[in-house]
Amino acid sequence: MQDRRTLTDIQVNETLTNTVLKTPLLWYVILAFMGGIVMLGVVAVGLLVNMGQGLNGYNRPVMWAFFLTNMVFWIGISHAGVMLSAILRLAQAEFRRPATRAAEVLTVFALATAGLMPIVHLGRLWRAYWIFPYDFSRGIWPDVRSQAVWDPHAISTYLIGSSLFIFVALIPDLAVLRDRTTGIVHSIYTMLAMGWRGTVRQWRLQAIAGIILSALLLPVFVSVHSIVSWDFSMLVGVPSWHTTIFAPYFVIGAVHSGVAGVITVLVLMRWLFGWHDYIRREHIDSLARLLFVVALAWFFFFMLEFMFGLYHQEGTEMVVRELWLFHAPWNAIFVIFILTAFVIPVPLWLFRSVRRSFPLMFFTTILVNVGMWLERFLLIIPGLERKHPFTFSWGEYAPSIFEITIITATFALVATMILLFARAFPLIPLGDAKEARVLRDEIRIGRRTVQAVLREE
Amino acid sequence: MTVRTEWDHKWSMVVDIDRCTGCQACVVACQAENNVPINTEDIFKQSRAIEWIRIERYWEGEFPDVKARYLPAMCQHCGNAPCEPVCPVYATYHNDEGLNVQVYNRCIGTRFCANNCPFEMRFFNWWQPVWPESLRNQLNPDVTVRNRGIMEKCTFCVQRIRRAERTAIQEERDVKDGEFAPACVQACPTGTLVFGNSNDPNSRVAQLMKSDHPRRYRLLEHLGTEPNVVYLKKVDPYLKEEAHNGSH
């Protein structure tokens, strides 16, 4: 059924540390390109600081726009990490093995990028630290009733938790790198490896720490996106946001775009670093099945949100549905969103040949994330444009070149950070890859010999 | 002389729509009093104009039977203001005289309050405000000139309230009804706007605000924001006639 090479421990060590110990040339090329885009974004943010938020496309009804859409998008992507690594770790699913580290890394960097977005959008962003209970000289603590205080605390909790999660899983790999490097790099890895010798007791403790952190992070994972959704759903001033379904809807949407994001990153990693023996078709297949279920659940919530607005026939909700369906450019965005987030990719995943094809999975998962970005855009902006029952202050919004540059730069920023991470640490856990090999066995079912994973319960 | 710090004041306004002619004198007066930057045509086109009070104009009916309706709208100083709890840095809060106060120096520009204001009465300084050289000496020294990146809105001319209260302290008396008025009320030629202390049952504003007033309503009352501005409905003689004749 599955033809795969049997690898020795040495081969595993060599191929999986190849990003760190001998970096492919392509890595430098891509890093330079992505870094250039990030620098453009930094210049754009500098201009915003210097001249003011007037450079962006904001106006009176549309006080929040591209930046907060992008924040919700990146927080959505960040939900893949814990969804995949924690749930699948607790469920002992074998197909998680090559994906966990990539998912966790994507979580941390997407989350850090998401955290930057509301800061960039502030009117006086050099005062952003005032939302933390820090600035004692003012004698005023932040107002804990405000969602703008819940948000940074939820995001930083999740960021610290998932960084710890990555670190705990990294310790054995750091020890491998410690043994293969010299000089100052060696002493840095020695410090990070925290005296790892690979004893049975150390492995057991590491596994227990991983499970405890998974269990602790799961509630955080659900709460972070709920809190982000409350930024919108708790506002009485914007009727189309003011709905109780937003929290579960945002969480399931986050998982949808997040799992898609992990598949995209896995396919890219496989291509860039040549890890054909580690990221295999059956891994992508299993992840695609998971994604199929999540996509159906997300679509159910989307339809609920859409129908609730129509069902009670309130003017403020109807006018937003009308904007989505009948007014340019919103109707075009709506059609692209529905096609890319659901109609094109989800039926394709029904076919085994699609689920097992790396180019097709790359294409469909990119489509999902295009759609999910537009979904957040559709949820946030039309509600603001038509929030007022008094038509006098209705408005329109179009992004400026500065907003577009900064949004593009956030994508490059996440790519840059993952590339830099790959330069310092292996992106596939070595120990996990070896454990999978030890656990794997061949069993006979009828006439065929099938590879299977057996574990002691 | 004792210095009074606590007053039995609740500043409120009544807007009698029936008297409004849509002349926009209040808008101009407010602009001059409160150092509001000049709104040019392109600023209006970007819908970034700052008008602490504005006249919303609505058209009713089909041509040729069209009627213009005017709605003077300013910060409603809600008793249960949606803008206040969403501010992470206490830049906006409720003071004990019923005013919804904006502290410019605390504001970091999240624009959360503006999104949560159902009346859209909060304005953001997208740019550093500039005035033409000829208007340099026109700026009101009692009012802060706002910086870029912060929110601002109608204050019910808090500088006039404070001045009246200071005078009252010096003369050891309470503030008298009608002793002062915000710039918009002072400028209104038809007496549409009435301002005063609604905690004083004898004040003009308290008389007009009485809950049994037949024309009384408040904007978006169903949201439960308890606006401190009361509107009095337009009296439309034609509407009455039609209703009587049953012509529709």
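I count two residues as in contact if their C-beta atoms, placed from the backbone, lie within 7 Å. The model is predicted, so I keep its limits in view: local features need pLDDT of at least 70, side-chain atom pairs count only at pLDDT 80 or more, and totals for chains, interfaces and linings use all residues. Residues are numbered from 1 along each chain as its sequence is written, with chains lettered from A and ligands numbered from 1 in the order in which they are written.

**Chain B, overall**

I looked at contacts in chain B between residues at least 6 apart in sequence; 61% of them join residues at least 24 apart. Chain B has seven helices and ten strands. I take these from DSSP runs, numbered from the N terminus: helices are H or I with at least four residues, strands E with at least two. The radius of gyration of chain B is 19 Å, close to the 18 Å of the globule rule for 248 residues, so chain B is as compact as a globular protein of that length. That radius is taken over C-alpha atoms, and the rule is 2.2 Å times the number of residues to the power 0.38. The C-alpha trace of chain B spans about 65 × 45 × 35 Å along its principal axes. Of the 248 residues in chain B, 39% are buried (20 or more other C-beta atoms within 10 Å of a residue's own, C-beta atoms being placed from the backbone).

**Chain B against chain A**

I find 32 residues from chain B and 35 residues from chain A in the contact. On the chain B side, β2 (53-60) and α3 (112-116) are the elements that give two or more residues. The largest share of that side, four residues, comes from α3(B).

**Helix pairs in chain A**

I checked α6 (residues 147-180) and α7 (residues 183-193) of chain A: they pack at about 155°, axes 8 Å apart. The axes are lines fitted to C-alpha atoms over the stretch in contact, with angles from 0 to 180 degrees between N-to-C directions. α6(A) and α7(A) are therefore roughly antiparallel (over 145 degrees). Among the residues that meet are I171(A) and L174(A) in α6(A), and H186(A) and Y189(A) in α7(A).

Next I took α8 (residues 200-233) and α9 (residues 246-273) of chain A. Their axes come within 8 Å and cross at roughly 125°. That makes α8(A) oblique to α9(A) (the angles left after under 35 for roughly parallel, over 145 for roughly antiparallel and 65 to 115 for roughly perpendicular). W230(A) and F232(A) in α8(A) are among the residues meeting α9(A), whose side includes F246(A) and F250(A).

Definitions and conventions
Buried ≥ 20, exposed ≤ 12 C-beta atoms within 10 Å, placed from the backbone.
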